[in-house]
Amino acid sequence: MPGAFKPDLKYSDVTPHSAWLNRRQIMAGAAGLVLGSQLAFPASAAVNLGGYSQSIYSTDEEPNSFEDVTSYNNFYEFGSGKSDPSKYASALTTDPWSVEIDGMCRNPGTYNLEEIVEQMPLEERIYRLRCVEAWSMVVPWIGFELAALLNWVEPLPGAKYVAFETLHRPDEMRAQRTGYLDWPYIEGLRLDEAMNPLTIMAVGLYGEVLPNQNGAPIRLVVPWKYGFKSIKSIVKISLTDTEPRTTWNEIAPHEYGFYANVNPEVSHPRWSQASERVIGAGLFAARKPTLMFNGYGEYVAQLYDGMDLTVLY
Ligand SMILES: Nc1nc2c(c(=O)[nH]1)N[C@H]1C(S)=C(S)[C@@H](COP(=O)(O)O)O[C@H]1N2
Ligand SMILES: [Mo]
């Protein structure tokens, strides 16, 4: 794990002159800000990313290309193939968008997405995403800490968990017309996991609003857990005192637990989790050893003190 993080390293130090920066400059220079991203992703939301800072929590790894990040996806609402989301997610309308926040908090309500984003300090954070299927990539997200949003609605003292729900709109999400998963996709975190500064809500990547296939217009990113926890296209967040049900756990409880912390020592029943295939590294590249908590242990290991992670996987 040593060397996994260099908080003093700026994003510009690791990717001096990458294509995305040019794209952002071009977009910023154009009067019609909308055009740049809307050409590629017709249904992108009108979230104003405005200015954002570089996060001290970024990994120092080289991000995957914009192409990799937006064409190799899991988003079962659009199909189970890795290229289905980039093929079909343009059908999703993400503007207008609102998020209902309910349950055990002082300020429940249905909030317009722009209203939320305007109040949250935006940062760019480069995080490794480790899928339970044993591949990984590195993504330069733009988002804000989930803690900021939760503090805004003020959890009540008895709240212990946060539940999340994805949009259910079969007209636009083609695989929701099938019974492949039990829609809507749902996920959950313990409240202390949700409040950890590593947990973010992403509204953009590579300097642009979130492409639909990556979970537009707002998705969770929890970098020390397997990718399936990072639920996309969120319409509802609930504070509760009971452990939320989660989509993959309900389908296959012995394969996907509630915690889903990246753990090289606990194998998936059908394959090892000890190493990962780095997307974009090329066919003959060596697999990379997977790190406990995906390399984020210094920030999150204490959340699980005293827990047996082979039982609570
Ligand atoms: N609503 C929803 N969220 C989801 C998924 C999904 O199928 N539906 N897939 C998850 C899985 S398994 C992974 S690995 C990540 C992939 O995120 P990415 O496509 O942006 O890389 O999204 C997660 N969030
Ligand atoms: Mo995944």
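Tutor: First, the element names: helices (H or I, at least four residues) and strands (E, at least two) are DSSP runs, numbered from the N terminus. This is a predicted model: local features need pLDDT of at least 70, side-chain atom pairs need 80 or more, and totals for chains, interfaces and linings use all residues. Residues are numbered from 1 along each chain as written, chains are lettered from A and ligands numbered from 1 in written order, and side-chain values use heavy atoms, without hydrogens or water.

Now ligand 1. The shell around ligand 1 has 18 residues (a heavy atom within 4 Å). Asn73, Tyr76, Glu77, Ser230 and Lys232 come nearest. By class, the shell divides into nine nonpolar, six polar and three charged residues (nonpolar: Ala, Val, Leu, Ile, Met, Phe, Trp, Tyr, Cys, Pro; charged: Asp, Glu, Lys, Arg; polar: the others, Gly among them).

Take the polar contacts next (N or O atoms within 3.5 Å). Lys232 places a polar side-chain atom 2.6 Å from an oxygen atom of ligand 1. A polar backbone atom of Tyr76 is 2.7 Å from an oxygen atom of ligand 1. Glu77 meets a nitrogen atom of the ligand instead, with a polar side-chain atom 2.8 Å away. On its own, ligand 1 has 530 Å² of accessible area (Shrake-Rupley, 1.4 Å probe), and the protein covers 99% of that.

Now the backbone. Two cis peptide bonds deserve a look. One runs from Asp95 to Pro96, with omega near 5°. Pro96 sits in the loop between α5 (84–88) and β2 (98–103). The other runs from Trp183 to Pro184, with omega near -5°. Pro184 belongs to the loop between β6 (161–166) and β7 (186–190). Ala134 is not a glycine, yet its phi is positive, near 70°. Find Ala134 in the loop between β4 (123–130) and β5 (135–145).

Last, the rings. The whole structure holds 14 aromatic pairs (Phe, Tyr or six-membered Trp ring centres within 6.5 Å; planes under 30 degrees apart are stacked, over 60 edge-to-face, the rest tilted). Tyr259 and Tyr304 make an edge-to-face pair, 6.1 Å centre to centre with 85° between the planes. The pair links distant parts of the chain, 45 residues apart. Tyr259 is in the loop between α9 (247–251) and β12 (275–278), and Tyr304 is in the segment after α10 (297–300).

Conventions
Polar contact = N/O pair within 3.5 Å; in protein donor to acceptor, adjacent residues only side chain to side chain.
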